[in-house]
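Have the structure open while you read.

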Amino acid sequence: MKDLQNIKFSFFILFLGFTLSLWSKPLGKVEDTLPTTSQRQVYFFEDCDVCGCSGNGGSMGYGGNLTNNFIGVRYLKQSYKSRDGIFNNSPWVDENFNTLQLWSKIPVTEKVSVHAIVPYHFHDREFGDNSTQKINGIGDISVLAFYKLIQTNKDSLMLNPDKLAHTLRVGGGVKAPTGNYEKDNNAGSVNPSFQVGTGSWDYTVGLDYNLGYRTYGANVLLNYTFKTENDLNYHFGNQTNYGLSFFGSFNSQNAVSISPSLGIAGEIFEENEQYGEAVVNTKGDVLFSQLGIHTTYKKWSVGANVMLPIHQNLNSGLVEVNYRTAVYVNFSI
Amino acid sequence: MKLIHIKLSILVAAFISLTSCSSDDDNNSDALTGENNVSLEFDNSMNGDDLILGASTYTNSNDETLTINRLNYIVSNFVLIDEEGNEFIYPKDESYFVISEENALNEVVLTNIPAGKYVQMRFGVGVDQEKYQQGAEGQGDFLQIAEENNMMWAWQAGYKFLNFEGTFTAPSIASSTDFKIHMGSHGSTLDNYKEVTVNLPSTAMVSDEMTPLIHLEVDANQILDGEHKIYLSEAPVVMVDEVKSPQIAENTSTMFEVHHVHNGEGGHH
């Protein structure tokens with residue numbers, strides 16, 4: 001019954017995307033925002049579940065500034081540690097979340113694009129007694145549709161290159177429970193997110209704003225994910241993501257463009273629930289600095305990002321993130 | 001411009017419909033039926049630190065530094081209280097348990113608990129006079145369990161409710177000195193049995209499918225450093241002491257707190 005509802009909503013989202021795309025046509029020829037955008041940074045936003053990140057496909061890159069449509073492969077590595085026990089001197093467990101994902105941005109119309117992410121996770125953790133636990137498998141597949149609500153016209157920009165250019169995209173999507181959720185991994189005081197899937201249908205709404213000036217730009221991201229209860233009566237808390245970054249784009253002589261970026265990104269996790277009751281020590285928040293580089297040569301692009309925590313309070317201090325890093329190769333389509 | 005407004009409102013409407021519908025209120029745990037086990041984990045600690053026998057040192061607010069070699073105690077007479085205030089009294093004859101850090105006895109399993117949503121638990125620390133009055137034969141297997149875990153004086157003297165031993169140093173005692181805290185009722189002349197009531201931070205749900213684990217954080221620092229301050233430098237051995245034993249009994253009864261409850265299918269800690 002609930003599944004049916006969920007499927008209905010997924011279709012609703014897609015339907016919404018298509019409807020909007022039909023509307024956008026009469027508006028006529030509207031070119032891409034900035035001449036430089038195709039060389040810009042691929043911003044990605046780590047959309048991780050409950051501080052542990054394992055559940056929700058590792059991340060959900062919007063590819064906010066990347067006006068090119070692409071298909072690519074990305075590897076994400078996230079390092080965490082969490083307390084094995086309830087005491088001040090309980091041992092720490094080292095946790096490594098590894099994700100290989102196929103990600104793409106596919107145009108539906110000039111204004112609407114669909115993003116899809118298919119993750120494969122291979123996580124491991126090492127306990128105080130040197131024993132290890134490994135889990136792997138296909139994660140939760142995400143599909144998002146974005147609609148370009150506001151954009152400046154390329155023509156006016158060419159007439160006046162000093163003018164500020166901006167783009168606002170709004171959208172939403174669904175994450176399907178294609179990954180396996182193991183209840184046993186969610187017992188005890190160790191990180192409840194040591195999973196390859198949340199087992200739930202989750203829905204995201206978000207916006208993505210870009211401001212460009214010549215070859216420099218800024219990007220603001222905001223999104224909120226509504227999570228639902230899974231079949232085992234566990235309900236990961238809803239999640240807010242936000243981010244701000246600045247970037248520049250530099251062309252070298254041999255047709256290679258290099259775009260470094262610098263910014264901050266934050267996540268706020270609401271309390272998890274089990275059988276409709278709050279689970280203690282499951283809410284939290286974290287603020288990262290993020291540093292990235294994106295290089296483009298013809299149809300290929302290669303990039304890397306690193307996120308380091310500035311401030312964190314995850315699971316009442318029982319979970320700590322050490323770093324997140326990603327490398328990717330994309331091909332423009 | 002108008003078109004943008006229409007689009008925006010459609011989007012907003014879409015978001016609202018999403019948010020309103022994705023909230024799931026079909027909680028299937030409303031009708032709990034059958035019976036199942038309830039597990040209780042007694043996780044011993046010292047003032048927020050895990051209690052590790054023989055290894056760690058713990059300094060209390062009496063400025064005494066302890067190394068603990070033994071922490072055993074008796075818990076008994078379990079009562080589970082549901083959200084409507086109904087009490088399920090666990091069968092008395094089966095309701096006596098030794099918790100022993102050295103023998104890794106940290107878990108109590110209460111069996112055949114009727115389905116329900118339990119929010120509170122009451123239990124005893126030690127052995128009540130009623131049970132003790134039943135004589136040695138009336139104790140069943142528990143007498144032997146108590147003996148095996150160093151929880152008996154001679155029968156006439158009765159059970160040790162708490163056996164807490166180790167070494168300590170204090171400002172006036174620089175060299176490591178043994179301490180022994182053996183607290184009990186001392187026959188029927190001095191009753192140190194205490195009842196404890198703990199609230200569960202979330203409901204423990206019991207049904208044919210659901211067997212919860214109640215994880216208790218037990219702060220052994222309370223024994224000496226609770227409401228009553230017990231200085232080992234004054235008396236490193238406390239056994240039959242009409243002043244200190246009742247104080248230690250009161251302190252001991254405050255060391256229990258439920259840290260969290262796991263609901264689910266069991267096999268979890």
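What share of the contacts in chain B with a separation of 6 or more comes from residues 24 or more positions apart? It's 77%, where a contact means two C-beta atoms, placed from the backbone, within 7 Å.

Before going on, some housekeeping. This is a predicted model, so local features need pLDDT of at least 70 and side-chain atom pairs count only at pLDDT 80 or more, while totals for chains, interfaces and linings use all residues. Residues are numbered from 1 along each chain as its sequence is written, with chains lettered from A and ligands numbered from 1 in the order in which they are written.

Let's stay with chain B. Its secondary structure comes to five helices and 14 strands (DSSP runs numbered from the N terminus: helices are H or I with at least four residues, strands are E with at least two). Of its 269 residues, 39% are buried. Buried means 20 or more other C-beta atoms within 10 Å of a residue's own, exposed means 12 or fewer, and partly exposed is in between; the C-beta atoms are placed from the backbone.

Now pick out helix H5 of chain B, residues 244–252. Its buried residues are B:Ser245, B:Ile248, B:Ala249, B:Asn251 and B:Thr252. Looking down the axis of H5(B), they fall within an arc of 165 degrees, so they line one face of the helix (the arc is taken from the directions from the helix axis to the C-beta atoms). What covers them includes strands E8 (116–125), E9 (160–170), E10 (173–184) and E11 (194–206) of chain B, along with helix H4 (222–225) and strand E13 (237–238).

Over in chain A, three strands make an open antiparallel sheet in the order E9-E13-E14; strands pair if DSSP finds at least two bridges between them. E9 (234–235) and E14 (277–278) of chain A are the edge strands, each with a single partner, so one side of each has no neighbour in the sheet. E9(A) pairs with E13(A), residues 273–274, over two bridges, and A:Tyr234 sits opposite A:Gln274.
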